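Subject: Structure for your files

Hello,

The sequence and structure you asked about are below. My notes on what was found follow directly after.

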Amino acid sequence: MEDKNTTQNNPETNAEQRQTQTPGQTTAGDGTTGAGDEFRTPFEQVMDTARDQATAAAGALRRGEFVQDASIDPAASSDDRLIALLAYISQIFVPAIMPVIILLSESSKKRPFQRYHAVQALALSAVFVVAGVAAVMGTVVAQIVPFVGGMFALAVACLSPVAFLMYVIAMLYYGYQSYQGKRFAIPGLTSFLRDQGGIA
């Protein structure tokens, strides 16, 4: 039998509980659901989902799981695999352009493999861009306090090359996986996109 405290403290279990709730329910501290969600805005609901998925993603990355539910898509042609690879690799040089072209092209509407990877590549790129903008804005705001602002700016300057290297490695790795004909889930990101109706 599973210990009740273990269930309460497991972020993945909590995320699963939230996903199985019906609209208008909240999860109490004891894991039960109840009314009270009706006053939450759509933005708050999206933010709650994002927080849950980020927690699940952090847990998966700690375990070394960079892809989940990977399976070969037998319907993916060599052209599909090449386009999916380019959707990821192009993000290193020019973010957003290639996935947007894929999503807007008439031929890709008949190619679910291409569309799936274009949406994931675009979303992953957006996550890194938003994180970069947040770091820059945080640095600007931190300049109000002279010493703290300087230390924060130094930390951001030192960590920026590491973050960019992680971005490049992630895009290369996911591009390689897609070129193998795999349809996979990026921890946290893909399930968030599914929750929002971005991908099937």
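The side chain of Ser191 makes a polar contact with the backbone oxygen of Gly188, at 3.2 Å. A polar contact here is a pair of N or O atoms within 3.5 Å; within protein, one must be able to donate a hydrogen and the other to accept it, and residues adjacent in sequence count only if both atoms are side-chain atoms. This is a predicted model, in which local features need pLDDT of at least 70 and side-chain atom pairs count only at pLDDT 80 or more, while totals for chains, interfaces and linings use all residues. Residues are numbered from 1 along each chain as its sequence is written, and side-chain values use heavy atoms, with hydrogens and water left out.

Ser191 belongs to helix H8 (residues 189-195). Helices (H or I, at least four residues) and strands (E, at least two) are DSSP runs, numbered from the N terminus. With a relative accessible area of 24%, Ser191 is partly exposed, because buried means under 20%, exposed over 50% and partly exposed in between (1.4 Å probe, protein chains only). The C-alpha atoms of Ser191 and Ala57 are 9.6 Å apart, although 134 residues separate the two along the chain.

A polar atom of the Thr139 side chain lies 2.8 Å from the backbone oxygen of Ala135. Thr139 sits in helix H6 (residues 112-142) and counts as buried, at 15% relative accessibility. Leaving aside neighbours within four places in sequence, Thr139 is in contact (heavy atoms within 4.5 Å) with Phe152, Ala153 and Val156.

On the overall layout: the protein has eight helices and four strands, and along the sequence they follow the pattern α-α-β-β-α-β-α-α-α-α-β-α. Of the 200 residues, 29% are buried. Among contacts between residues at least 6 apart in sequence, 64% join residues at least 24 apart.

Helices H4 and H7 pack with their axes 8 Å apart, at an angle of about 175 degrees. The axes are lines fitted to C-alpha atoms, for helices over the stretch in contact, and angles run from 0 to 180 degrees between N-to-C directions. H4 and H7 are therefore roughly antiparallel; angles over 145 degrees count as such, those under 35 as roughly parallel, 65 to 115 as roughly perpendicular and the rest as oblique. On the H4 side the residues that meet H7 include Arg81, Leu85, Tyr88 and Ile92. Their partners in H7 include Phe164, Tyr167, Met171 and Tyr174.

Next, the aromatic rings. Rings of Phe, Tyr and Trp (its six-membered ring) pair if their centres lie within 6.5 Å; planes under 30 degrees apart count as stacked, over 60 as edge-to-face and the rest as tilted. The count by this rule is seven aromatic pairs. One of them is Tyr88 with Tyr174, a tilted pair at 6.3 Å centre to centre and 40 degrees between the planes. This pair links distant parts of the chain: Tyr88 is in H4 (residues 78-93) and Tyr174 in H7 (residues 146-179), 86 residues apart. Both Tyr88 and Tyr174 are buried.

Phe164 and Tyr167 also form a tilted pair, with 6.3 Å between centres and 40 degrees between planes. Both residues lie in H7, three residues apart, about one turn of the helix. Phe164 is partly exposed at 46% relative accessible area, whereas Tyr167 is buried at 7%.

Ring pairs also join Phe66, Tyr88, Tyr173, Tyr174 and Phe184 into a cluster. Of these, Phe66 lies in the loop between helix H3 (42-62) and strand E3 and is partly exposed, at 41%. Phe66 and Ala185 are 119 residues apart in sequence, yet 8.6 Å apart in space, C-alpha to C-alpha.

The charged end of Arg183 sits over the ring of Tyr116, 4.8 Å from the ring centre. The rule for this asks that NZ of Lys or CZ of Arg be within 6 Å of the ring centre and within 35 degrees of the ring normal.

Finally, the backbone. Asp69, in strand E3 (residues 68-72), has a positive phi near 55 degrees and is not a glycine; Asp69 is exposed at 65%. Ala96, in the loop between H4 and helix H5 (97-104), has a positive phi near 80 degrees and is partly exposed at 27%.

Regards
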